[in-house]
Amino acid sequence: MTNISIEAPETVRGQPYPGAPDNWRRFFTFSTDHKVIGIQYIVTSFFFFLIGGTFSMIMRGELITPDADLVDRTVYNALFTMHGSVMLFLWTFPVLVGLGNYLVPLMIGARDMAFPRLNAVSFWMIPVVGVLMLSSFLVPGGPSQSGWWAYPPVSLQNPTGNLINGQVLWILAVAVSGVSSIMGGVNFVTTIFRMRAPGMTWFRTPAFVWSVLAAQLIQLYGLPALTGGAVMLLLDITIGTSFFAPERGGNPVLYQHFFWFYSHPAVYVMVLPAFGIFSEVLPVHARKPLFGYRVIAASSILITVVSGSVWVHHMFASATPSWMRILFMVTSMLVAIPSGIKVFGWVATIWGGKIRFTTPMLFALGGISNWLFAGITGIFLASVPIDIHVNNTYFVVGHFHYVLYGAIVMGIYAAIYHWFPKMTGRMYYEGLGKLHFALTYLGTALTFLPMHPAGLMGLPRRVASYDLEFAYWNVIASIGGFLLGLSTLPFILNMVSSWIRGEKVGNNPWRAYGLEWLTSSPPTVENFEELPIVVSGPYGYGRSRPLVGNIPNPGLTEFPESLTQQKS
Amino acid sequence: MMKLRAILIMTVYGILVTLASLWMAKQSYSWFPPEASAEAKLLDDLFSLFTGLGTFIYLGVIGPFLYSLIFHRASKYDMSDGPPIEGNIWLEIVWTATPLILVLTLAFVSYRTYEKMAVRGPMELVHLHMPQMMQSAYAEPFDSKPQQEIQNALITAPIEQVDVIAKQWAWVFHYPKQDITSTELHLPVNRRVRFTLHSEDVLHGFYIPAFRLKQDVVPNHEINFELTPVKTGTYRLRDSMFSGTYFAANQADVVVQPLDEYQQWLADAASQSPTPAFNRAVFEYSKANDREGATKDKVAVRGWDTIPPASPPVVNYAP
């Protein structure tokens, strides 16, 4: 393989270069180790998750009463804009890139990503995005108040008249985040294509790697459209061009095409890795091979293809002609096929298995059940007549939060718990994990389920005040929202205390198949002492066959003696 | 024996799921505001169909899922693996083909409903002269009543024209025939209404939940939009496309009246000279910018600068 020639001389002390810190300080350096970068991504984005969550709880506080009485309307509008922007650009995207960063090289048997320095650069742009985004609270006029879509003409209106305003900072932040994501995309795609271990053919590659590949391909074809749209918007605001400004002859609907051409597929950028996580976690904790692995893997790529032609379903109520509405209704509904294949495959995977309700398993199962619900309401939304009623209402808000929180965040939690022993060498506390799951699942249902009936009754999204008839559902959703805020506490407690003094477990506490479980926990700098030569496909549960030919397969073929074995 | 039991359980579960789906499909009608337009009935029927099928799929998947979670658990000291089943080609074909057929059917039914609603403005001019042709084009509705209402409205009277002007943050309704303006939308029942939507500044969304219809209003574009109110009463028009600071307050009442009351209202309004109407956004804006700090008791957190609202609309009629 190509990476053999660039192998660094083996280091004993676990440092990427002489003199590099090998304690916690390494997380604050410009490290090129994909594992350090992965954890940097995860921890940084989790910090922003808490900030975005705080915004949403202030919003839920406002919405617990019908009147706009807690914060000024401008503040509310800034909060929902920042909530959406922070949650997407600073939490969901980066945390999934972080998980991919950590896991992909380990899962394919590579020593690092293809371009380690580029990798570090893409990570260090995330704090820049965060500073740009949040500093907009300090400029006159406050942060952007046009929603995370930044639709013109509202986004072009600049009440203060300053050149440096919240909207400009927002566009710059999104542009930097886009550059970071494109770099990440190039890196992931190259790594997965070129650096798989000897013997790891495409259909021996784990489903998670497939899903990351599918997601990152979307980044490569989609992001240029968003970045282009953002640049045009920036020019419209700053130097008075007329791409989108109607008073100068521009077309605001054009922006919507640029925006959604990327931003709908972006949902698959986020959900595909979550699907990959489900596909990895279920077989381990149900002790059965992934059912229909090849089809599940290929369906990820199918989603990549189909998702490129569905964006107009966000614009059914815009000034779109009927033929466009009907065409995009059909393409949008077709996404149900690859998604359905996955769900059926997961159900068949656990069927007849030896299921253990570990925390990652619970989160994966919870995520799948929420995804099933969100997928069904997604088909509702694809239907033009239904969408014309519920478009821009809380029905949509409920739907995509079921996707983003119910499925994706649950998937992220599942991944963090599942690979926590690999990342730290220690086990998390199961009791706190289960408490975390219970609060999260209940909170998700309480917060986002009531949004569906509210939307059907006609409650528009993004309102700071509403008519009395919607109060009932909003109060429930607010209580659920606070519960979700609370649910992060056991998680933080668990992660911090387990990392410091959790029980030390061996390299493979789950007795899982997969190259990442063959190396030490936490893995050394170059991941593997000797590059593995893969001799069989993943998920070999129930077959007792070796995964690699050249190094021992502890926990796979010689179980149970190795179960409690400490790191050698 | 095992097989027989499995078939029996599956049959019973299938029946239960079907009953539950039918029940949900019936329930779905109660989740909506009143059906105040012919289009609303069409939509509610379609939604009911989606709800029924959606429930069926949800329960159909979640049943085996939960069954497995309850009955296929590993016992504490059971360290063995499950059966190494890696797939089943027939099963996979079935669960690819079934959703494919299902979504294509749903897309087709949605298309038919959309066609029946005929919200596309300019098209209707053609149908108006050939109502008989239109009859035959829609042969198999699953409830022909709403369509009949649309038809009758089209046959019995010319389309009622209303110009809608959206701005930050007010709705103004202009009746071109009588040259009347109003901040409350009055409509005759059982008449086809055509709106021509204008925006003076940003994007707005013309959305009346009781009518189940919505159309974005785009500056520099004239968008035609049609519907047929079939139930008298007062409903709410809401701005559905985020339009800036006072977006949430940008609402108006919609009054659907019998024809004679509607005509009376038009006559009354015509007799009144235009005066500035109360506008919520202007009211809140002036309060917020009050030097005395009157907003201090109103909101806990003060805000930032905003685009000032347009001056209150000057109209013949305001509620």
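**Chain B and its contacts**

B:R192 and B:E39 form a salt bridge, with the closest N and O atoms 2.7 Å apart; a salt bridge here is a side-chain nitrogen of Lys or Arg within 4 Å of a carboxyl oxygen of Asp or Glu. The pair links distant parts of the chain, 153 residues apart: B:R192 lies in the loop between β4 (185–188) and β5 (193–199) of chain B, and B:E39 in helix α2 of chain B. Helices (H or I, at least four residues) and strands (E, at least two) are DSSP runs, numbered from the N terminus.

Some ground rules come before the rest. The model is predicted, and local features need pLDDT of at least 70, side-chain atom pairs count only at pLDDT 80 or more, while totals for chains, interfaces and linings use all residues. Residues are numbered from 1 along each chain as its sequence is written, chains are lettered from A and ligands numbered from 1 in the order in which they are written, and side-chain values use heavy atoms, with hydrogens and water left out.

Next, the two domains of chain B. Domain 1 covers 1–67 + 90–156 and domain 2 covers 158–315; such bounds come from an automatic or database domain assignment. In the contact between them, domain 1 of chain B takes part with 23 residues and domain 2 of chain B with 19 residues, where contact means heavy atoms within 4.5 Å. The size of an interface is often given as the accessible area lost when the parts come together. Between domain 1 and domain 2 of chain B the buried area is about 1800 Å², and carbon and sulfur atoms give 60% of it; buried area is the accessible area (1.4 Å probe) that two parts lose on being put together, summed over both.

The rule finds 2 salt bridges across this domain interface. There are also 11 residue pairs in polar contact between domain 1 and domain 2 of chain B, both residues being at pLDDT 80 or more. A polar contact is a pair of N or O atoms within 3.5 Å; within protein, one must be able to donate a hydrogen and the other to accept it, and residues adjacent in sequence count only if both atoms are side-chain atoms. On the side of domain 1 of chain B that touches domain 2 of chain B, at least two residues each come from α2 (38–71), α4 (124–129) and α6 (145–156) of chain B. The most come from α2(B), with 6 residues. By class, that side of domain 1 has 15 nonpolar, 2 polar and 6 charged residues; Ala, Val, Leu, Ile, Met, Phe, Trp, Tyr, Cys and Pro count as nonpolar, Asp, Glu, Lys and Arg as charged, and the others, Gly among them, as polar.

Chain B also has paired strands, a pair needing at least two bridges found by DSSP. Strand β9 (residues 233–239) of chain B runs antiparallel to β6 (residues 204–208) of chain B, joined by 2 bridges. Within that pairing, B:F206 has B:D239 as its bridge partner in β9(B). β9(B) is also joined by 6 bridges to β10 (residues 251–257) of chain B, again antiparallel. Here B:R238 stands opposite B:Q251 in β10(B).

Across the interface of chain A and chain B the rule finds 7 salt bridges and 35 residue pairs in polar contact, both at pLDDT 80 or more. On the side of chain A that touches chain B, α9(A) gives the most, with 9 residues. That side of chain A is made up of 62 nonpolar, 27 polar and 16 charged residues. In total, 105 residues of chain A are in contact with 93 residues of chain B. The two chains bury about 8300 Å² between them, with 68% of it on carbon and sulfur atoms.

One backbone detail of chain B remains. The peptide bond joining B:Q168 and B:W169 is cis, with omega about 0°. B:W169 is found in the loop between β1 (160–167) and β2 (170–175) of chain B.
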